[in-house]
Amino acid sequence: MPRSGGIDWEAARARLARLAATATQEETLSPEAAAALLDARARALARVSAPEVDPGGSREVVRFRAAGQRYALESRFVLEVLRAPEVVALPGAPPTLRGLTLLHGEVLPMVELAPLFGRAPAGATGPLLVVGAGRPELGLCTEEVEEVTLLHGRELLPPPSTLADGLISAVDKEGTLVLEGEALLGDSRLVFDLSDEGAV
């Protein structure tokens, strides 16, 4: 037990032992495992915490389907819908990047949502949701854009623990995943180097 105002040496030694054990464990990781661990930590630190659902509030959302899953995204993040965008595929691109398209003379990355949740991309050829915070940042590949509707907080449930990573803020009774727009736009897995020198 520490004296009043003194140092709790027992707790300090226990903490040092835990740190030493963690450091030893990290030293034994392969370079690939260490890189994956660091990447996971960076993503966790970069994530925006999903706000708690206000049971009395409501928000306007765009409902759509991608890779067999229904999603809802606040309409303020949806700038427009492209019915049949041309796609330029990029060899060696990550699974989240379907390809590129042109929007008003600017290059726009077309992204797949499924790989963000550990599933294979669907390669659907439906409408493209152009999303961003005031300017086009990403094109979400969809199978179908269903409707614009109001989503009431009282109809929502917290996301399952497997999806509680900040990207999904809630789930409705039909299983629609409510995407958190700011977290989606800030996700490091959807940031691509599109310069001539970039490896994508």
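Contact here means heavy atoms within 4.5 Å. This is a predicted model, in which local features need pLDDT of at least 70, side-chain atom pairs count only at pLDDT 80 or more, and totals for chains, interfaces and linings use all residues. Residues are numbered from 1 along each chain as its sequence is written, and side-chain values use heavy atoms, with hydrogens and water left out.

View 1. Helices (H or I, at least four residues) and strands (E, at least two) are DSSP runs, numbered from the N terminus. T176 has a relative accessible area of 1%, so this residue is buried (under 20% relative accessible area; exposed is over 50% and partly exposed in between, with a 1.4 Å probe and protein chains only). Beyond its neighbours within four places in sequence, T176 is in contact with R63, Q69, R70, Y71, A72, A170 and V171. With R63 there is a polar contact between the two side chains, at 3.4 Å (a pair of N or O atoms within 3.5 Å; within protein, one must be able to donate a hydrogen and the other to accept it, and residues adjacent in sequence count only if both atoms are side-chain atoms).

**View 2. The largest nonpolar core, with 27 residues.** Such a core is a set of buried Ala, Val, Leu, Ile, Met, Phe, Trp, Tyr and Cys residues joined through side-chain atoms within 4.5 Å. F64 and L140 have the most contacts inside this core. Among the elements that give two or more residues to the core are β1 (58–66), β7 (138–141) and α3 (181–186). Another core lies apart from this one and has seven residues, among them L108, M110, L128 and C141.

**View 3. The aromatic cluster of F64, Y71 and F117, linked by ring pairs.** Rings of Phe, Tyr and Trp (its six-membered ring) pair if their centres lie within 6.5 Å; planes under 30 degrees apart count as stacked, over 60 as edge-to-face and the rest as tilted. The whole structure contains two aromatic pairs. The ring centres of F64 and Y71 are 5.5 Å apart and the planes are at 20°, so this pair is stacked. Both F64 and Y71 are buried.

**View 4. E182 in helix α3.** E182 is partly exposed because its relative accessible area is 46%. The C-alpha atoms of E182 and A133 are separated by 8.0 Å, while the two residues are 49 residues apart along the chain.
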